[in-house]
Structures are given as structure tokens and as C-alpha cells.
Amino acid sequence: RMGLVEQDSNKSIIKKAREISPDFPGKLTLPFWIIGRNFCRPSSAQCGICLFSNFCPKFINFNKTKGK
């Protein structure tokens with residue numbers, strides 16, 4: 001939902017996690033789960049209070065297009 005990967009598949013998610021954290025990509029599992037559970041909901045995303053919004057590709061792109 002955050003737009004970190006183009007395709008929602010295990011292969012692309014693992015590849016992106018390895019790019020972000022090559023030494024231990026699994027350390028991203030819990031933080032992203034918490035973000036998804038508490039802020040990045042499919043029907044009611046709470047981007048305004050999400051701690052990741054400054055780094056979230058979807059939020060950043062949304063704000064760019066909103067300003068046009």
C-alpha cells in the first residue's frame with residue numbers, strides 16, 4: 001500500500017527489503033506490519049499521523065499531484 005514495490009508479491013517485497021537493509025532484511029517485517037496495522041489501512045489510511053509519511057512514496061506522490 002505504501003508503494004515501495006510495484007507488484008504485491010513475496011519476490012518483489014523480499015527484493016525491496018534486501019535493497020533497503022541488505023544485512024538483515026527481516027528487521028523491516030515488524031515495523032512495516034505495525035505501520036500497516038495502525039496507519040496504512042486500505043479503506044482509511046491515516047497518512048497525516050503516520051511516522052513513515054515523509055518517506056512513503058504514495059504519500060509523497062499524492063501530495064505532489066494534489067498541489068498541481
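A residue is called buried when its relative accessible area is under 20%, exposed when that area is over 50%, and partly exposed in between, as judged with a 1.4 Å probe on protein chains only. By that rule Pro-22, at 61% relative accessibility, counts as exposed. The structure is a predicted model, in which local features need pLDDT of at least 70 and side-chain atom pairs count only at pLDDT 80 or more, while totals for chains, interfaces and linings use all residues. Residues are numbered from 1 along each chain as its sequence is written, and side-chain values use heavy atoms, with hydrogens and water left out.

**Overall build and confidence**

- The protein chain contains three helices and zero strands, where helices (H or I, at least four residues) and strands (E, at least two) are DSSP runs numbered from the N terminus.
- Read from the N terminus, the elements of the protein chain follow the order α-α-α, and the C-alpha trace spans about 40 × 25 × 20 Å along its principal axes.
- Of the 68 residues in the protein chain, 19% are buried.
- The protein chain exposes about 5700 Å², of which carbon and sulfur atoms supply 57%; accessible areas come from the Shrake-Rupley method with a 1.4 Å probe, and for residues only the protein chains shown count as cover.
- When contacts (heavy atoms within 4.5 Å) in the protein chain are taken between residues at least 6 apart in sequence, 41% of them join residues at least 24 apart.
- The average pLDDT, which is the predictor's confidence in each residue on a scale from 0 to 100, is 84 for the protein chain, and 96% of the residues score at least 70.
- Confidence in the protein chain is lowest in H3, with a mean of 78, and highest in H1, at 89.

- Side chains of opposite charge can pair when their charged atoms come close.
- A search of the whole structure finds one salt bridge, a term that stands for a side-chain nitrogen of Lys or Arg within 4 Å of a carboxyl oxygen of Asp or Glu.
- This salt bridge joins the side chains of Glu-19 and Lys-16, at 3.2 Å from N to O.
- Because Glu-19 and Lys-16 are three residues apart in helix H1, about one helical turn separates them; Lys-16 counts as partly exposed, at 27% relative accessibility.
- Ser-21 belongs to the loop between H1 and H2, where Ser-21 is buried with a relative accessible area of 7%.
- With neighbours within four places in sequence left aside, Ser-21 is in contact with Lys-27 and Leu-28.
- Pro-22 is also found in the loop between helix H1 (10-20) and helix H2 (29-38), and the C-alpha atom of Pro-22 is separated by 16 Å from that of Asn-10, twelve residues away along the chain.

**Surface patch**

- Leu-30, Trp-33 and Ile-34 form a nonpolar patch on the surface, with about 320 Å² of accessible area together.
- Patches are made of residues with over 30% relative accessible area and no salt bridge, with like charges joined within 9 Å and nonpolar side chains (Val, Leu, Ile, Met, Phe, Trp, Tyr) within 5 Å.

**Aromatic pairs**

- Rings of Phe, Tyr and Trp (its six-membered ring) pair if their centres lie within 6.5 Å, and planes under 30 degrees apart count as stacked, over 60 as edge-to-face and the rest as tilted.
- A search of the whole structure finds two aromatic pairs.
- In one of these pairs, the rings of Phe-32 and Phe-52 have centres 5.5 Å apart and planes at 85°, so the pair is edge-to-face.
- Phe-32 lies in helix H2 and Phe-52 in the loop between H2 and helix H3 (57-66), so this pair ties together parts that are 20 residues apart in sequence.
- Phe-32 counts as partly exposed at 23% relative accessibility, whereas Phe-52 counts as buried at 16%.
- The rings of Phe-52 and Phe-55 have centres 6.0 Å apart and planes at 45°, so that pair is tilted.
- Phe-55 counts as exposed, at 58% relative accessibility, and Phe-32, Phe-52 and Phe-55 form one aromatic cluster.

**The loop between H2 and H3**

- Pro-42 has its place in the loop between H2 and H3 and counts as exposed, at 68% relative accessibility.
- The C-alpha atoms of Pro-42 and Asp-23 are separated by 30 Å, with the two residues 19 apart along the chain.
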